Amino acid sequence: MATVGNSTNIFWQESPIGRLERQKLLNQKGCVVWITGLSGSGKSTLAFSVNKELYSRGKLSYILDGDNLRHGLNKNLCFSAEDRTENIRRVGEVAKLFADAGLICIASLISPYRKDRDACRAMLPDSNFIEVFMNMPLELCEARDPKGLYKLARAGKIKGFTGIDDPYEPPLNCEIEIKQKDGVCPTPNAMAGQVVSYLEEEGYLHF
């Protein structure tokens, strides 16, 4: 008998077609590209650009967008520290399944707490978790304010907003860091090129 969480009598079922077979079929290696950063830092823009570039190369990827997931999988969660942790845990578990299926899973979430991102990394075998840090200054993100959230947070209409009255913990050892150069932000194509080049060099785009 196996015990998982609060459930008993649950057994893991092994499929005769495994990860290696799926990767061979797709001619790529499954992994998770986890994009983290402040609201307005360009996470979604990067995710869409990477997805488009991979598609142009005949590679199968899928985006897990934090806002989109809160319309379904995580719609019962709020933005307390506990719910943020559960939000990231769920996304990590889903991303792990996509990677196991042989896909390049692009997860785009603020994911402000280092321990939560590290917990997702620990779910993935063989270092198949690629953390991408959108290292953009708060001033830039707030000036962009694409959803008007910083304005609401500054007015006290949103509590616990990352970067204003809730902390963002930057990665300590991310695989990829994207930041301004001489005060200029890289273009979406340039950012995507940096990520896709890493995937190519590390052997994820072929099997």
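Two strands pair if DSSP finds at least two bridges between them. Strands (E, at least two residues) and helices (H or I, at least four) are DSSP runs, numbered from the N terminus. The model is predicted: local features need pLDDT of at least 70, side-chain atom pairs count only at pLDDT 80 or more, and totals for chains, interfaces and linings use all residues. Residues are numbered from 1 along each chain as its sequence is written, and side-chain values use heavy atoms, without hydrogens and water.

Five strands build an open sheet with parallel pairing, in the order S4-S5-S3-S6-S7. The edges are S4 (61-65) and S7 (176-179). Each has a single partner strand, so one side of each lacks a neighbour in the sheet. Neighbouring strands are turned by 20° against each other on average, direction ignored. Angles run from 0 to 180 degrees between N-to-C directions, and axes are lines fitted to C-alpha atoms, for helices over the stretch in contact. S4 pairs with S5 (residues 104-108) over five bridges in the parallel sense.

Helix H4 packs on this sheet and touches S3 (31-37), S4 and S5 (contact: heavy atoms within 4.5 Å). The direction of H4 makes about 150° with that of S3. Helix H8 (residues 188-201) lies across S3, S5, S6 (129-135) and S7, and runs at about 170° to S7.

H4 (residues 81-100) also packs against H5 (residues 114-123), at an angle of about 20° and with the axes 9 Å apart. Residues in this contact include Arg84 and Ile88 in H4 and Asp116 and Met123 in H5.
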